[in-house]
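This briefing treats the fold, the relation between the copies and one selected residue. Please consult the sequence and the structure shown here alongside the text.

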There are 2 protein chains.
Amino acid sequence: MAKIRVLNREDIKKVFTLADALKAVEQAYSEKNSGAGEIWPMVFHEFEPGKADLDIKSGNLNGKGIFGFKLVSWHIENSAKNLPTLHGTTMVFDIANGQPKALMNAGPITDYRTGAAGAIGVKYLADKDAKNLLMVGCGALAPFLIAATLLVKPDVQKVVLANPHNPSAAAERLGNIAEKVEKLLKESGAQLSCTITAEEDIETAVRNSNIILTATPSRQPMIKAEWVQKGTHISCVGADLKGKQEIDGALFASARAFADDTAQSFDVGECEIPYLDGVLTAHCGEIGEVINGTVAGRTSAEDITVFDSTGIALQDLASAAQILEAAEEKNIGTVVEL
Amino acid sequence: MAKIRVLNREDIKKVFTLADALKAVEQAYSEKNSGAGEIWPMVFHEFEPGKADLDIKSGNLNGKGIFGFKLVSWHIENSAKNLPTLHGTTMVFDIANGQPKALMNAGPITDYRTGAAGAIGVKYLADKDAKNLLMVGCGALAPFLIAATLLVKPDVQKVVLANPHNPSAAAERLGNIAEKVEKLLKESGAQLSCTITAEEDIETAVRNSNIILTATPSRQPMIKAEWVQKGTHISCVGADLKGKQEIDGALFASARAFADDTAQSFDVGECEIPYLDGVLTAHCGEIGEVINGTVAGRTSAEDITVFDSTGIALQDLASAAQILEAAEEKNIGTVVEL
């Protein structure tokens, strides 16, 4: 019988930081493009349209010696029952013999790996001298994106929060977000050494920034092409379903655009609508190609670069593999016979 | 946090019998055809052709209030490492809120539910006076198929074992198989009350039988159409991959044929080749329709009936749901926070 390690939310928090997530996500992107990582077809089932659905995203990651899946279900009526609307479960298996190795609560992994994804875009595509970061959107992901970006760009001097759909929320959420950013940095052995402020006017905020992160459920572009300064990098994290769009499609006429997964980016990502409109016909490449050095990222200090992060199973698997290694080393979690 | 019950091989043996599997499989077939049960698209991945692969079969079973999956990986080189070549893992989730409920070793479930599947074909399609059972194939599944059939047809008088690809094996394996049949019947509160013998000549064996179960990896038909007596029922369990075939395609010219899943039967089941050859153009129905009374099964004592059991995820899910109910009631297994 195989022994399997079960890791719940608290266990995972003991062994996983944003610094770990950054390493894992970078490896996931790299392996996707080297061929060592593969994404298998997604299973999607709608229990009741607009009320409850589920997906199973799976794949293999040879560099970590594992395969596995993340199953996420969404039940909107759970909130009335005092239950989380999302449940995420990840399992990791040994690629050499098929034995199950771990079962994890995928909830805490998702926020970390998504924050890390936006930051990997910044690490590989932002100008080396970019120091003004704008976070568009003040939801749960904002602190993860900000902190992960500060880890890859420790010389950022200014962080500005904006929330175009409800502008006053940026100032209201500022305290909570700053506190959470400090906590996340501390977990990774770093400190907050720049200012975090709120800005109600999105145009002003965009004009004064050279790194922009977007994480909203927007279905209308919030950022006009003419506001974006030369040399700016934008990591778009919000669009993950058909019809979602955060930035002006016109930006893609001149920007250097990259995706985590080309097909998914055109299908459900930030690039879906510019692609349908014919403004964007092809990406410069996938971020994994930039990481692996097979495609150039930024080519000058003037380039506008965009990273469309749609989310791929390998990010979760690489994170889960890293969590499992650390949990085994520190003997965290519950080991059961399966 | 959700509490999840982990059930290993030994736990499952404490709460699951062939009688339970028969109930579960019958419900699975019935719900598939009433629409209460649905099969989701299968994920299949080949790590190395002919050496290692994997599938994830998933679905929902509303009558049991669950959804879930079975993940089965196959690594042929495991035997040299003293590990099982197959690893099966099942998870069960609450359909009302998406919470994970149980993680199980799927290994022991598969044998029981496959034995039960062949027997459900006998229960609904064999002639009421049929008393002579032939088991073709002497592998691991044989005792499960025989015992499950004896549970649904307690007036069977004679069981004969035959193994056309290696005829002497039937006599060699007889003792072990009879012992295992007795054990399986005992688990379900029944007793062996008929003879079990071996027959080297497959033609003689077929001519003297009116219930036939086949469970071999054959790629050549073993049973000729002219040997099969009027009124016989055949449950074919072996064919689950393209190219496998156990019985003469000519049988389908006059037989009443049924499947667990029509599409899968024509794609990878016993009916694949007769369908490609044009001998069989349509099934009479799925077994769930016979169970639900919407399609007639046997229409006379003269009919030859065939049940093509290809294996569907709902059999595993219904079995897992039943195991979980019993394990919760008896507090078997290990409960962990996820």
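A residue is buried if 20 or more other C-beta atoms lie within 10 Å of its own, exposed if 12 or fewer, and partly exposed in between, with C-beta atoms placed from the backbone. By that criterion, 57% of the 338 residues of chain A are buried. This is a predicted model in which local features need pLDDT of at least 70 and side-chain atom pairs count only at pLDDT 80 or more, while totals for chains, interfaces and linings use all residues. Residues are numbered from 1 along each chain as its sequence is written, and chains are lettered from A and ligands numbered from 1 in the order in which they are written.

**Fold of chain A**
- Chain A contains ten helices and 16 strands, where helices (H or I, at least four residues) and strands (E, at least two) are DSSP runs numbered from the N terminus.
- The C-alpha atoms of chain A occupy a box of roughly 60 × 40 × 40 Å along the principal axes.

**Relation of the copies**
- Chain B is superposed on chain A by a rotation of 180° with 0.0 Å of shift along the axis (RMSD 0.0 Å), fitted by least squares on the C-alpha atoms of residues with pLDDT of at least 70 in both.
- This is the relation of a two-fold axis.
- Within chain B, the C-alpha nearest the axis belongs to Val43(B), 3.8 Å from it.

**Surroundings of Ala321(A)**
- Ala321(A) lies in helix H10 (residues 313-330) of chain A.
- Ala321(A) counts as buried because it has 22 C-beta neighbours inside 10 Å.
- The C-alpha atoms of Ala321(A) and Phe67(A) are separated by 9.3 Å, although these residues are 254 residues apart along the chain.
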